[in-house]
Amino acid sequence: MQILRIFDTLTEKEKEIEVSGTIRMYVCGVTVYDESHIGHARTIIVFDTLRRFLESQGRKVQFIQNFTDVDDKIINRAKQENATASDISSKYISHYFDDFDRLNIKRADIHPKATEHINDMINLIKDLIDKGYAYVSKNGVYFSVGKFKEYGKLSKKKIDDLLSGARIEVDETKNDPLDFALWKFSDEEPKWPGPWGDGRPGWHIECSAMSLKYLGENFEIHGGGRDLIFPHHENEIAQSESHTGKQFAKIWMHVGMMTINGEKMSKSLGNIKSVKYVLDHWGPNIIRLFCLSGHYSKPIDYSEELLRENIAKWRQVENCYFELILAEGQGQTDEVQKIISETKKEFDEGLESDFNTPMALSAFFKLVKEINRIAAAEMLTQSISKIVVPEVEKIFETLGLKIPKISEDEKSTITELIRKRNMFREQKQYQEADKIRKQISEIGITLIDHKNRTLWMKQEKIGIES
RNA sequence: GGUGAGGUGGCAGAGCGGCUAUGCGUUCGCCUGCAGAGCGAAUCUAUAGGGGUUCGAAUCCCUUCCUCACCUCCA
């Protein structure tokens with residue numbers, strides 16, 4: 001088994017993941033105040049696929065992804081809609097699962113919510129105060145950035161530079177403009193009693209508290225979108241390492257932004273495409289292929305033209321898969337053995353070297369092409385199929401791609417209908433033949449006539465095409 | 001202004017010192033009752049500009065230009 005190497009934002013180097021034991025991953029999830037967009041999906045798809053890859057290699061993965069369910073934006077939304085914050089957050093959590101289940105994202109082992117970990121946060125804040133890293137002020141409890149000597153190490157920022165950047169809000173109640181809130185006093189709901197007064201937690205503390213709780217003080221991978229490097233992850237490091245005195249995550253893995261017309265997709269710019277919209281038009285397989293078609297660390301530009309390209313790719317994959325499972329006859333398999341081992345090698349090597357999904361995909365498409373070539377030459381056999389199908393299915397599983405399973409019943413029904421149709425075709429009774437084709441198409445099956453046989457496929461319906 | 005990541009064929013996108021991926025597209029074929037898909041061939045020998053280093057550079061160094069992200073909430 002090879003060793004996975006991932007680029008670590010903190011050290012700016014590729015780092016190896018230790019082989020032994022469970023791989024613990026914490027991924028920062030979304031703030032649930034609105035629908036998720038395709039940019040969120042990209043990040044989640046990357047980590048979901050990484051997890052699937054590790055699991056496919058027989059490693060145990062412990063995967064935690066939080067929901068930020070207390071936040072100003074949620075509260076504002078609640079006010080607008082005359083609802084409570086928890087109405088809003090639970091509504092969008094349920095939308096989140098609707099979207100991401102459709103995207104074939106495996107659920108995390110735990111999806112902790114900030115509001116269910118208030119005590120963990122309070123204890124952490126208490127400890128930070130005790131250790132002198134935090135102080136109570138008029139509006140809340142703040143982390144004293146100056147006390148954490150390594151502040152800025154993740155985002156490569158110098159405290160002086162941060163201060164000179166005039167975008168920091170001036171707040172006289174803080175000792176230092178860079179200090180950030182751990183606990184914000186509040187009289188309004190949502191609020192919780194705290195040792196320093198009623199209030200609610202700051203944003204960053206939840207991830208420190210929950211990752212420490214579920215994954216311990218020093219886990220393997222902490223991930224999220226690039227835009228979280230500063231201040232969110234920087235602040236998490238400050239809090240967590242001040243608390244434990246130990247290195248926090250071993251690897252910081254950050255996913256590039258989804259852009260649209262070259263600009264970052266974000267709520268505030270108003271240029272988002274919701275996950276639901278994109279799913280309705282393109283379906284999960286196309287989206288996953290699209291999101292994995294570039295290296296995770298780089299930006300990827302949303303474009304319908306590029307999404308459309310992936311339909312063509314997916315059609316080849318479908319063709320390949322159905323050719324395989326419908327293959328008949330016997331024959332030698334030496335050549336195919338070689339292709340398979342090359343595919344596996346390139347696929348795994350790609351993913352092991354900083355999760356190079358484009359390389360892995362190219363290996364996969366080479367295999368698909370090759371199988372389609374063999375099929376077109378009428379040389380596909382059952383024995384080839386027996387070797388290749390499990391490998392293809394393993395790749396589907398790793399990439400989170402879904403292709404319909406065909407039951408034996410379904411198969412024999414279809415085979416029988418095709419037999420009848422071909423009988424009509426031989427007798428040039430094309431109207432009858434077309435009637436059967438229509439009947440077959442109504443159960444979602446596409447027919448493709450070859451010289452001496454008819455291939456059938458249960459093709460995915462792509463919304464944009466209809 | 002500071003920090004980071006980049007600029008590769010018509011498009012997307014790997015490679016990161018020699019073997020010049022991969023996919024899409026386009027053109028022409030094969031197949032074919034129709035249909036669709038698939039296959040084959042061709043097209044494209046590309047690496048932002050300018051200097052170096054080297055027997056040899058897209059890959060290393062210098063320099064110029066350009067793009068994006070972060071420095072405020074953000075996946």
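Reader: How many salt bridges does the rule find across the interface of domain 2 and domain 3?

Author: Three salt bridges are found there. This is a predicted model, in which local features need pLDDT of at least 70 and side-chain atom pairs count only at pLDDT 80 or more, while totals for chains, interfaces and linings use all residues. Residues are numbered from 1 along each chain as its sequence is written, chains are lettered from A and ligands numbered from 1 in the order in which they are written, and side-chain values use heavy atoms, with hydrogens and water left out.

Reader: Why is the pair E323 and R453 called a salt bridge?

Author: The term asks for a side-chain nitrogen of Lys or Arg within 4 Å of a carboxyl oxygen of Asp or Glu. The side chains of E323 and R453 have N to O at 3.0 Å, so the pair qualifies.

Reader: What makes up the area buried between domain 2 and domain 3?

Author: Buried area is the accessible area (1.4 Å probe) that two parts lose on being put together, summed over both. Here the value is about 1100 Å², and carbon and sulfur atoms give 53% of that. On the domain 2 side, R315, F322 and L326 supply 44% of the area buried against domain 3, more than any other three residues.

Reader: Turning to the RNA, how many residues surround RNA strand B, and which are the closest?

Author: 61 residues surround RNA strand B, and the closest are W203, G225, L228, Q316 and I448. A residue is near the strand if one of its heavy atoms lies within 4 Å of it.

Reader: Why does T43 count as making a polar contact with RNA strand B?

Author: A polar contact is a pair of N or O atoms within 3.5 Å; within protein, one must be able to donate a hydrogen and the other to accept it, and residues adjacent in sequence count only if both atoms are side-chain atoms. A polar side-chain atom of T43 lies 2.8 Å from a base nitrogen of RNA strand B, so the pair is inside the limit.
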